Amino acid sequence: MITIRDEIETDIPAREALLDRCLGERRTVKSSERLREGRLPADGLALTAERDGAVVATVRLWHVEANGKPALLLGPLAVSPDLQGEGLGKAMMREAIWRAACRGHGAILLVGDAPYYQRFGFTPEPMAELAMPGPFERERFLGLELREGALRDASGVLKATGALAPAERMDGLRRRAA
């Protein structure tokens, strides 16, 4: 049985290994990573799927804003290769969106595969005047309003606004990356 639950500190090494396996080592050079590095995910919005004690999927959401308009940035979403196509990614997305809405967040943004994310309501339209802080593929920059009008008049380059990660946690991540 697979359980989707809040991420805990001991999940982090397994989550990082899963992300490397699913997304490759170049995942850390993406513009989205610039908005995540040195920050903590939004409260209650770092999710892990576990099966028989093993981390098999992960998704996190992060606080961002553009010209004072707050939103969440989703990513990365990863599912263990042996479970891809089984609906676990879909379940993780539905849980993340539901939790974000329950916590009163207005919008979720992401950079990802449009045909996949459109099934959850993500579209490029609300992103027309927004940009990432670095190179990105415009057609993959998608948004979902959880509250009508949450992205109305949103413009500019996204910037991170989430809580800073404790220094000791960052030191461990830097050692891992080296």
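In this predicted model, Asn-67 is placed in the loop between strand 3 and strand 4. The phi angle of Asn-67 is near 50 degrees, a positive value in a residue other than glycine. Asn-67 is exposed, with a relative accessible area of 62%. A second residue of this kind is Asp-52, with phi near 50 degrees, in the loop between strand 2 (46-51) and strand 3 (54-66). The relative accessible area of Asp-52 is 75%, so this residue also counts as exposed. Most residues other than glycine have a negative phi, and most peptide bonds are trans. A cis peptide bond is found between Gly-75 and Pro-76, with omega at about -10 degrees. Pro-76 belongs to the loop that runs between strand 4 (69-74) and strand 5.

Salt bridges in the model number 14. One of them pairs Glu-7 with Arg-60, with 2.7 Å between the closest N and O atoms. Glu-7 lies in the loop between strand 1 (2-6) and helix 1, and Arg-60 in strand 3, so this pair ties together parts that are 53 residues apart in sequence. Glu-7 has a relative accessibility of 14% and therefore counts as buried; Arg-60, at 7%, is buried as well. Glu-16 and Arg-15 form another salt bridge, their closest N and O atoms being 2.5 Å apart, and both residues are buried. Glu-7, Arg-15, Glu-16 and Arg-60 are linked with Asp-20 and Arg-27 in a network of salt bridges.

A further salt bridge joins Glu-33 to Arg-36, with the closest N and O atoms 3.3 Å apart. Both residues lie in helix 2, separated by 3 residues, or about one turn of the helix. Relative accessibility is 17% for Glu-33, which counts as buried, and 9% for Arg-36, which is likewise buried.

The largest pocket holds about 850 Å³ of space. Its lining comprises 36 residues, of which Leu-23, Leu-77, Val-111, Tyr-117 and Arg-140 are the closest to the centre of the pocket. At least two lining residues come from each of helix 1 (12-23), helix 2 (31-36), strand 5 (78-79), helix 3 (88-102), strand 6 (107-111) and helix 4 (114-117). Helix 2 contributes the most to this lining, with 5 residues. Sorted by class, the lining consists of 17 nonpolar, 8 polar and 11 charged residues.

Technical notes: Residues are numbered from 1 along each chain as its sequence is written. This is a predicted model: local features need pLDDT of at least 70, side-chain atom pairs count only at pLDDT 80 or more; totals for chains, interfaces and linings use all residues. Side-chain values use heavy atoms; hydrogens and water are left out. On a 1 Å grid over the protein atoms alone, a cavity is a set of points where a 1.4 Å probe fits but cannot get out, and a pocket is an open set with protein on both sides within 12 Å along at least five of seven lines; lining residues have an atom within 4 Å of a point. Grid points are joined across faces, edges and corners, and a volume is the space filled by probe spheres set on the points. Helices (H or I, at least four residues) and strands (E, at least two) are DSSP runs, numbered from the N terminus. Ala, Val, Leu, Ile, Met, Phe, Trp, Tyr, Cys and Pro count as nonpolar, Asp, Glu, Lys and Arg as charged, and the others, Gly among them, as polar. Buried means under 20% relative accessible area, exposed over 50%, partly exposed in between (1.4 Å probe, protein chains only). A salt bridge is a side-chain nitrogen of Lys or Arg within 4 Å of a carboxyl oxygen of Asp or Glu.
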